[in-house]
Every structure is written in C-alpha cells, then in structure tokens.
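Hi,

Here is the structure I promised to pass on. Have a look at it first, and then read my notes on the salt bridges below.

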Amino acid sequence: MNKKLIVANWKMNLAMHESSLYLHKLAKAVPVKRNVEVVLAPSTFTLQSLSLQINRRQFKLAAQNFYWRDSGAFTGEVSIAQLRGIVNYGLVGHSERRHIFNETDKDIRAKVQAAVRSKIDPILCVGETLFDRAEGETRDVLVDQLVGGLANITAEEAKNCVIAYEPVWAIGSGETASPSDVESAVKIIRQQLRELFNAKIAKEVRVIYGGSVDAESAGAFLDTPGVDGLIIGGASLKLDQFVAIVGRAANTK
Ligand code: PGA
C-alpha cells in the first residue's frame, strides 16, 4: 500500500489559542487512516503545546524553520536539536525562506544536515520561479537546488528525506502547475536523486507537490504518477478543505 503524505503548512498564522482550537476541530474531523500520514507545520512557538495535544497516530508535527547549529549564542533562533521529541519533520528551503529571508543553498544544506543529525526528517522544498520557467531553466534550477541541499548526506540518510516540488509561481497564487508539469518535474527530481545516490533512493524517497492545492485540485495531483503526497498552505487553514484533501488522499489507489 502506498502511503500518502499530506503536510499542512500554516505559515505565520494562528495565535496559540487559535491553533489549539483548530487542532481540536481537525482531530474530530480528520480520520486516522493507515494509508495517509498527516503532518502539521504550525508556528514554532506553538509546537510544544500542540505536541501535548495531538494524538501521534493521527498527526505528526513539522518545524517550519530552524537554525542549523544545535546550540550556542544565536539569539532568537531555535535549533532542530531543541525540537527533538516534538517534531518528526522539518521544512527546509521553502521558497518564502529562500526569497524573503535570502536563504542560500549553503544554509539549506546545513539545515538538511542538522535535521538528519537530530534524526528528524527534512522536507526539502525545491521549485522554479516564473522567470526560470520562461527561460526554460526548470530542470537546471531543480538539479541545482537538489545538489545544493543534499550534497553532504549519505544515501542511507537521504532515504528519510522528503522532496517537496513547489513551483514558486504557484505558491499562494491560486495558480497550480498542471499535473503533467508536475509529473515531468518529479521525473527530473527522481533522476537527480539517482545521480546523487542510487536507483533505490530515487524510487523510495517521497516526492510531494505543493502550490495552491485545494480540495478541488488535490485529486489530480494525488493521482499523478510519482507523486507521494501534497504540501498545502492556504487550504490547510480551512477545515472543510483540509479534511476533504485528507479524505481524497485516503481514497487514492
Ligand atoms: P499554498 O502554499 O498552498 O498557499 O500555495 C503552499 C506552500 O507554501 O507550502
């Protein structure tokens, strides 16, 4: 059975009490299904409290961001080592981190390694801008971001990474890539994983799609060959939408 991975990226939304209330409602509405893994990525400051509230068979938690050092004089930062026991996943290289906070491939690589060191699975986000796409550079961008992010890890460590294909122009824009675009991007990603590691890793690593997915479009992506799940931003904050997406994932053959 192919287990689908559905990641909810709440971004910088919901105060503590709102997160807790929303989780309470989600817990009632989202069925626990053996063939779907549901991961919530709330704001960092809510993680600990939500980790006490969740049923871990129903939901796992992900950090939206973290610093790559494990500890030290880094005022204002939170390390992934500090989040051990609280999160199972850490987002790395999200386009908002790359573009708004100028994270480089070097930062991203260090974060992937830090997550791996702490036995937390990195979800490495990659994707081209509209400009890259217009210039016909989608393949080069994906290859560069994969090499940049994964260069320092072993095949054994890569096995637990998740790659999220998120075209920058589709994030929060209401515009999705077409399923055939996603299928070709996922092929490029798997080819590159094969180059970097081996054929087994290329096949086994989970590759998910994100970018304006909602309850209506989710099915087409879940049915796209090579796609193991979805990362949802805006629609993950709407109870009915998110519940429908998880339900659709549970019904995917
Ligand atoms: P979106 O965000 O679904 O709102 O486009 C996706 C993401 O940023 O992960």
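A quick definition before we start: a salt bridge is a side-chain nitrogen of Lys or Arg within 4 Å of a carboxyl oxygen of Asp or Glu. Keep in mind that this is a predicted model.

With that in hand, take Arg248 and Asp223: their closest N and O atoms are 2.6 Å apart, so they form a salt bridge. This pair links distant parts of the chain, 25 residues apart, with Arg248 in helix H11 (residues 239-250) and Asp223 in the loop between helix H10 (215-222) and strand E8 (229-232). Both residues are partly exposed: Arg248 has a relative accessibility of 26%, and Asp223 comes in at 46%.

Arg133 sits in helix H5 (residues 130-134) and Asp181 in helix H8 (residues 179-196), which puts the partners 48 residues apart. Arg133 is partly exposed at 30%, and Asp181 is partly exposed at 25%.

Then there's Arg117 with Asp70, whose side chains meet in a salt bridge at 3.2 Å, N to O. Arg117 belongs to helix H4 (residues 105-117) while Asp70 is in the loop between strand E3 (59-63) and strand E4 (89-92), so this pair ties together parts that are 47 residues apart in sequence. Relative accessibility is 41% for Arg117 and 33% for Asp70.

Salt bridges can also join up: Arg97, Glu103 and Lys111 are linked in a network of them. Overall, the structure holds 13 salt bridges.

Cheers

Technical notes
Residues numbered from 1 in each chain as written. Predicted model: local features only at pLDDT ≥ 70, side-chain atom pairs only at ≥ 80, totals over all residues. Heavy atoms only, no water. Helix = DSSP H or I, 4+ residues; strand = E, 2+ residues; numbered from the N terminus. Buried < 20%, exposed > 50% of the residue type's maximum accessible area, 1.4 Å probe, protein only.
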